[in-house]
Every structure is written in C-alpha cells, then in structure tokens.
Amino acid sequence: SNDKPSQYLIGAGIADVTGPPLGSPMWGYARPGQNTEGIHTRLKSRAFIFVDPATDNRLLFASVDIGNIEHHVFLEVLDRLKARFGELYTKNNVILSATHTHSGPDGYSHTRVSSGLIGLLNPTHFERIVSGIMASIEAAHANLQPGKLLVNNGDVIGAGANRSMAAYNANPDQERARYTQAMDLNMTLLLYTSDASDDMQCLDLGGRRVIKKKKKKNKKNLLL
C-alpha cells in the first residue's frame, strides 16, 4: 500500500548518451550503408539507486538507450564507480541494462568488430556512453531520498505485435500450443514515489521503458 511508511532511500538520475548523429553504422543492422542521418530524439541513461536504510545494502540499476551493454562498457563504468565512490558500487550490486534500441549508432563494441556489421570502434562514442551512464548514476546518488516501492504485474494488450508471424507459425504445433498468444504480453512494473515531492517513477523491469510523471495526470508532465 502507498500509505505504508517509507521503506527505502531512492534516487533517480538521467543523462545524455546520444552518439554520432551522422554517418555512423546503426546498431544491429546487417546492411551496409544503414547509417545515422540525424537525431529524432536524444538517447538517455536513466539510473536508479535503492538503499535499505537498516543495512545500507544498495542496488544500482541503469537503463540505457543503446542496443546492448557491451562488456567493456560495464567494466569501464565499474572502474569509474570505484574511483568515484570506492567500494560502494561494485559488480555485486550494479546492473546495466540496454533498452535494445536499433535507432541509435553502433561502433562502441570492443568485441564484435570482426562481425563486419558495426564498423570500427569509435572511442568518442564509447566515451559518450560511459560518461553519460556515470553522470546519471552520480545524479541518482546525489538525489537519494525517502520513498516507497510498489510492484505490479499483468498483460499489456494491443501494445505490440509479433514481427514475424510467418516464422512463428513455422514452429511445430506442439510448441505453439504452449502459448495463448504469438508474443509475450506480460509486463512487471516497478513504481516508486518520493516523500519529498509529488513525483512518481515507473520502471518496466524488462528495461524497455521508463516513465516519470507527476501524480496529477498532465501529459506535459510525462517523460518517456
């Protein structure tokens, strides 16, 4: 219940991770020449920190608008966290999650260059992503305040479609019989509210979408 006393200290922060807007290979595309041609919306890192005041145990979760969290991105963020916060945030309590967007540039991988699909490593883009993740984490750490956590789970109807029904229907009958739909409709949503303001934060635990809004239902206060 939202009427219960605050359970945690909760912080949220957001920062920009937008990469090269022109001429960079886009993430996950196998066709040469599928390059960026400008910016439609900027890409963000959204960090959330949850602290148990009784034990000081904490979890850091960042949702980043990139295709994947490349291993060296994670390692570099861990190195910078150690330099900035000591042992407060480590591999044991840090989760970096990508929204898996294909609508952004690639070229930040150290390990998949041999695939020939992503272009060479772009150190400037790599730095943009890592520094943006760090900026969002630093903002969340500085913003820790008492709040409440709520969680809900259910099916979201009419919000998506199977992108290849021909491939899905090629599965054996016994495989398709295990499911009631041609795609996974289930969503788990984490909601937290701040005691200090009327802000609410919603996080799809699949890492795909973050919503911030005021408690009053005003579209101008909705940020996706």
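**Aspartate 56 and arginine 58.** I looked up this pair in the predicted model and found that the two side chains meet in a salt bridge, with 2.8 Å from N to O. I then checked the accessibility of each partner. Aspartate 56 is partly exposed, at 42% relative accessibility. Arginine 58 has 15% and is therefore counted as buried, the cut-off being under 20%.

**Aspartate 16 and arginine 42.** I recorded a salt bridge between these side chains, at 2.7 Å from N to O. The pair links distant parts of the chain, 26 residues apart. I located aspartate 16 in strand S1, which covers residues 8–16. Arginine 42 sits in the loop between strand S3 (35–37) and strand S4 (44–51). Aspartate 16 is buried, with a relative accessible area of 17%, whereas arginine 42 is partly exposed, with 42%.

**The network.** I followed the contacts of this pair further. Asp16 and Arg42 belong to a network of salt bridges that also includes Lys44 and Arg128.

**Glutamate 138 and arginine 84.** I noted a salt bridge here, in which the closest N and O atoms are 3.6 Å apart. I found glutamate 138 to be partly exposed, at 31% relative accessibility. Arginine 84 is also partly exposed, at 48%.

Technical notes:
Residues are numbered from 1 along each chain as its sequence is written. This is a predicted model: local features need pLDDT of at least 70, side-chain atom pairs count only at pLDDT 80 or more; totals for chains, interfaces and linings use all residues. Side-chain values use heavy atoms; hydrogens and water are left out. A salt bridge is a side-chain nitrogen of Lys or Arg within 4 Å of a carboxyl oxygen of Asp or Glu. Helices (H or I, at least four residues) and strands (E, at least two) are DSSP runs, numbered from the N terminus. Buried means under 20% relative accessible area, exposed over 50%, partly exposed in between (1.4 Å probe, protein chains only).
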